[in-house]
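Here is my note on the model you asked me to look over. Please read the points alongside the structure itself.

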Amino acid sequence: MGARVKPVQPTEIKDKKIVYQVIQEIRRKPTAAALKRHKAEEEDLIRLLRK
């Protein structure tokens, strides 16, 4: 038998500033450097999967 896992309780954020800040970070577009890095990582991953 495995260990019993307790359910996680959802957290309630009462400060509106934190909520707005999180939403702002989610909607922010990635920088050109980040896009370039992701493209290089994707190419490396595809190259590894083909072998």
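Predicted model: local features only at pLDDT ≥ 70, side-chain atom pairs only at ≥ 80, totals over all residues.

1. Residues are numbered from 1 along each chain as its sequence is written, and side-chain values use heavy atoms, with hydrogens and water left out.

2. The protein chain has 2 helices and 0 strands, where helices (H or I, at least four residues) and strands (E, at least two) are DSSP runs numbered from the N terminus. Its C-alpha atoms fill a box of roughly 45 × 45 × 10 Å along the principal axes.

3. Buried residues, meaning those under 20% relative accessible area with a 1.4 Å probe and protein chains only as cover, make up 2% of the 51 residues in the protein chain.

4. Ile13, Ile18, Val19, Tyr20, Val22, Ile23 and Ile26 make a nonpolar surface patch of about 650 Å²; such a patch joins nonpolar side chains (Val, Leu, Ile, Met, Phe, Trp, Tyr) within 5 Å, from residues with over 30% relative accessible area and no salt bridge. Of these residues, Ile13 lies in the segment before α1 (16-27).

5. The structure holds 1 salt bridge, defined as a side-chain nitrogen of Lys or Arg within 4 Å of a carboxyl oxygen of Asp or Glu. The side chains of Arg47 and Asp44 meet in a salt bridge at 3.2 Å, N to O; because they are 3 residues apart in helix α2 (residues 32-50), about one helical turn separates them.

Conventions
Patch = residues over 30% accessible without salt bridge, like charges linked within 9 Å, V, L, I, M, F, W, Y side chains within 5 Å. Areas by Shrake-Rupley, 256 points an atom, 1.4 Å probe, with all protein chains shown as cover. Buried < 20%, exposed > 50% of the residue type's maximum accessible area, 1.4 Å probe, protein only.
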